[in-house]
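Q: Please take a close look at one loop and at the helix contact beside it in the text that follows. Then place that part in the context of the rest of the chain.

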Amino acid sequence: MANPTDFEQYIVELTNRFRIDPGGAYARIVDNDARSTGFDVRVTEALQFFDVNLGLLKRELNALEQAQPLAWNDDLNESAQLHTQRMKNADSQAHQLPGEGDLGERVRDAGYLHTTATENLFAFAESALHAHHAFIVDWGPGPDGMQTPRGHRDNLIDGQMREIGIGTLNDNAGATSVGPILLTQNFGVRSDAGPFLLGAAFKDKDRDDHFSLGEGQGGMKVKVGGRGLDKTAPSGGYGLETGEGVFNVTIKGRPVKGKITAQVEIGEDNVKIDLMDRKHLFTTGDLDLKKGAASVTALGSEAIDLTGKNGRDFLIGNDAANTLDGEGGRDRLKGEGGSDLVIGGRGNDKLWGGAGGDEFQFGLRDGRDRILDWDDRDSLVIAGSVDASDIDISARKGDAVVSFGRTIVTIDDAAGNITLDDLVF
């Protein structure tokens, strides 16, 4: 396997972050709307030079739909690397250089028998963020300071693409006009390949809850029942073709605290599972945690179901309508945005619904739970053989307390605001 460099893995992670959360890209690019400044000095220069219409950019990014994450492919990496080398040799930025085949020929020559392939390139990049944000914004001499059509952005977000290969080179010699970083991205899909389980293990040194340059951790083993085993490369990434189905996944190795086992559902699209700081998982697919891991966070904007184990779990949803089920143990469940169904299960749990009208479900033996963010759009769902006569609603120090069976639910700052009308049996 031609493992990606740290720089190439970082570009992969930036690309997948954009595909999973395109609407959030604007806030990651633009620091100050009024001043047209970005978080990267080179990005600021481009935004101002081309006079990018930031209002239009924001609306366009918010209108994009989530796309499946991309798995690394060695053949696409080979074709991309060869083209990057040719751009350096020719001192030119172009998709087809003299004596070179077109993209289709190049990826086939590298062994990638594609159904569809596309390409982004930038021969004058100053950094990873400079290149990545250039592709997203697609700045240029067109109307509103952006190219027409937004070809680079369209390639980044193309939902049919499953795989990616990146080739990068440094050129600081001063003898050429290109550089200091040259980069080619090849995207592709094969009719007989996928879907994939992919992701990365990383140590979050800068504490931003995301993969950053140089944070990747190699040596994590990912085993998918009936589909094989992969190990994270030194730069942190892994990828395994699984096909569709529900799979038992085991994660272990040096970057893992203990051993993590989970049941993961993979449909038509690739699924990404990342491991941060040895014990925190991020997922784009439904996940039922069986053992290990301290927390699981749902990525993206599509509804995801998360289920905890019989221990202490922290389950965090996204802005869609998630179902969070803590099962047993002392859990913390946080729905974030969207209208969620939050199930603490047995044990003493702390529950956040987040924005939206949420449903908090309780059974007869769910212990002492606390809801931390009740509002008038929320409701309590009472499961099991319970009727209104079994419910006791009281107040304690400004909080509402709902009791039935062996369950006591304390709702912060809701004394006097909870009635039987808020309960669904």
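A: F50 sits in the loop that runs between helix 3 and helix 4 (54–62); helices here are DSSP runs of H or I with at least four residues, strands are runs of E with at least two, and both are numbered from the N terminus. The model is predicted, so local features need pLDDT of at least 70 and side-chain atom pairs count only at pLDDT 80 or more, while totals for chains, interfaces and linings use all residues. Residues are numbered from 1 along each chain as its sequence is written, and side-chain values use heavy atoms, with hydrogens and water left out.

With a relative accessible area of 25%, F50 is partly exposed; the class lies between buried, under 20%, and exposed, over 50%, with a 1.4 Å probe and protein chains only. Leaving out residues up to four places away in sequence, F50 touches W139, G140, P141 and G145, where contact means heavy atoms within 4.5 Å. P143 is 93 residues from F50 in sequence, and the C-alpha atoms of the two are 9.5 Å apart in space.

Helix 3 (residues 41–49) also takes part in a helix pair. Two packed helices are described by the angle between their axes and the distance between the axes. For helix 3 and helix 7 (residues 128–137), the axes come within 9 Å and cross at roughly 30°; axes are lines fitted to C-alpha atoms, for helices over the stretch in contact, and angles run from 0 to 180 degrees between N-to-C directions. Helix 3 is therefore roughly parallel to helix 7, a label for angles under 35 degrees, with over 145 roughly antiparallel, 65 to 115 roughly perpendicular and the rest oblique.

On the helix 3 side the contact is made by R42, V43 and L47, and on the helix 7 side by L129, H130, H133 and V137. By class, the residues of this contact are four nonpolar, two polar and one charged; Ala, Val, Leu, Ile, Met, Phe, Trp, Tyr, Cys and Pro count as nonpolar, Asp, Glu, Lys and Arg as charged, and the others, Gly among them, as polar.

Helix 7 is largely enclosed by the rest of the structure, because nine of its ten residues are buried. The buried residues of helix 7 include H130, H133 and V137, which also belong to the contact with helix 3. After helix 7 comes D138, with a positive phi near 60°.

Most residues other than glycine have a negative phi, and most peptide bonds are trans. D91 also has a positive phi, about 55°, without being a glycine. D91 is placed in the loop between helix 5 (74–90) and helix 6 (103–109), and its 29% relative accessibility makes it partly exposed. R278, likewise not a glycine, has a positive phi of about 75°. The loop between strand 13 (271–276) and strand 14 (280–283) holds R278, which is partly exposed at 38% relative accessibility.

Two peptide bonds are cis: G179 to P180, with omega near 5°, and G194 to P195, with omega about -5°. P180 is in the loop between strand 5 (163–170) and strand 6 (181–189), and P195 is in the loop between strand 6 and strand 7 (196–202). P195 is among the residues touched by T242, together with F196, L197, V224, R227, F247 and I266, residues up to four places away in sequence not being counted. T242 itself lies in the loop between strand 10 (237–241) and strand 11 (245–252) and is buried, with a relative accessible area of 3%.

As for the whole, the protein chain has eight helices and 29 strands. Along the principal axes, the C-alpha atoms fill a box of roughly 85 × 50 × 35 Å. Of the 425 residues, 54% count as buried.
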